[in-house]
Amino acid sequence: MNFEQIKALDSQYVLQTYGRNPIAIDHGKGATLWDTEGKEYIDFTSGIGVNALGYCDEGWVKAVTEQTGKIQHMSNYYYCDKNTQLAELLAKNSGLCRSFFCNSGAEANECAIKIARKYGEKKHAYKIVTLENSFHGRTLTTLAATGQDGFHRLFTPLTEGFVYAEPNDLADL
């Protein structure tokens with residue numbers, strides 16, 4: 001498909017929640033992308049808070065292909081050597097003790113908020129400080145943590161317990 005065909009289908013079938021750049025990506029290698037019209041780009045971005053690993057790295061493709069031939073997803077109800085080995089590597093390199101593996105950044109942020117609330121409950125302090133103009137995710141609770149009124153107005157009532165401070169302002173904090 002060419003760009004105009006993709007754009008028309010997107011307009012018809014995809015909920016228009018994001019502004020888009022006027023290109024449709026066809027494929028990539030390393031930091032280089034090509035659009036459906038054959039134009040080449042150097043990609044200096046990452047997914048929305050996801051990664052900046054480049055495209056089609058041969059080692060990554062090989063590892064993912066091998067793994068999907070075995071198990072592409074496993075519930076947390078079972079043990080998995082890859083998860084266990086990754087947790088060990090993270091502990092040894094971070095100085096922290098344990099890992100919690102999530103399916104998304106939203107799940108990770110929700111977990112962090114739950115941990116903070118659980119800790120705060122013991123101290124009778126449940127408010128969490130985030131920054132004005134911050135962005136923390138698209139779930140109702142992470143939208144409440146987000147310091148942008150534009151998001152707040154659209155999705156009330158929000159989860160309570162967040163306060164917002166001006167960045168670089170210790171007195172406000």
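Trainee: What volume does the second largest pocket have?
Mentor: In this predicted model, the second largest pocket has a volume of about 690 Å³.

Trainee: And which residues lie nearest its centre?
Mentor: Gly 19, Arg 20, Asn 21, Pro 22 and Ile 23 lie nearest the centre of the second largest pocket, out of 24 residues that line it.

Trainee: Which element gives the most to that lining?
Mentor: That is α1, which gives five residues to the lining of the second largest pocket. Both α1 (3-13) and β3 supply at least two residues each.

Trainee: How do the lining residues split by class?
Mentor: For the second largest pocket, 13 are nonpolar, seven are polar and four are charged.

Trainee: OK, now the largest pocket. How much space lies in there?
Mentor: About 900 Å³ lies in the largest pocket. Its lining has 21 residues, and Gln 67, Gln 72, His 73, Lys 82 and Asn 83 are the ones nearest the centre.

Trainee: Which elements give two or more residues to that lining?
Mentor: Those are α2 (58-68) and α3 (81-94). The most comes from α2, with five residues.

Trainee: What about the classes there?
Mentor: The lining of the largest pocket divides into eight nonpolar, eight polar and five charged residues.

Trainee: Since α3 came up, how far does α3 reach from end to end?
Mentor: Its 14 residues reach 20 Å from the first C-alpha to the last, close to the 20 Å expected at 1.5 Å a residue. Just after α3 comes Gly 95, with a positive phi of about 85°.

Trainee: Let's switch to strands. What order do the three strands of the open sheet have?
Mentor: The order is β1-β2-β3, and the pairing is antiparallel. At the edges are β1 (25-29) and β3 (40-42), each of which pairs on one side only. On average, neighbouring strands of this sheet are turned by 30° against each other, direction ignored.

Trainee: How many bridges join β1 to β2?
Mentor: Four bridges join β1 to β2, and these strands run antiparallel.

Trainee: Then how many bridges join β2 to β3?
Mentor: Three bridges join β2, residues 32-35, to β3, again with the strands running antiparallel. Thr 32 turns up here too: its bridge partner in β3 is Ile 42.

Trainee: Which peptide bond is cis?
Mentor: A cis peptide bond joins Thr 156 and Pro 157, with omega at about -5°. Pro 157 lies in the loop between α6 (149-154) and β5 (162-165).

Trainee: Zooming out, how many helices and strands are there in the protein?
Mentor: There are six helices and five strands. Reading from the N terminus, the elements run α-β-β-β-α-α-α-β-α-α-β.

Trainee: Why do you call the protein more spread out than a compact globule, if you do?
Mentor: I do, because the radius of gyration is 21 Å, well over the 16 Å that the globule rule gives for 173 residues.

Trainee: Last one: what does the C-alpha trace span along its principal axes?
Mentor: The C-alpha trace of the protein spans about 60 × 45 × 30 Å along those axes.

Terms used:
Residues numbered from 1 in each chain as written. Predicted model: local features only at pLDDT ≥ 70, side-chain atom pairs only at ≥ 80, totals over all residues. Heavy atoms only, no water. Pairing = 2+ DSSP bridges. Axes fitted to C-alpha atoms, helices over the stretch in contact; angles between N-to-C directions. 1 Å grid on protein atoms, 1.4 Å probe; cavity = no way out; pocket = protein on both sides within 12 Å on 5 of 7 lines; lining within 4 Å. Points joined across faces, edges and corners; volume = space filled by probe spheres on them. Nonpolar A, V, L, I, M, F, W, Y, C, P; charged D, E, K, R; others polar. Expected span 1.5 Å × (residues − 1). Rg over C-alpha atoms; globule rule 2.2 N^0.38 Å.
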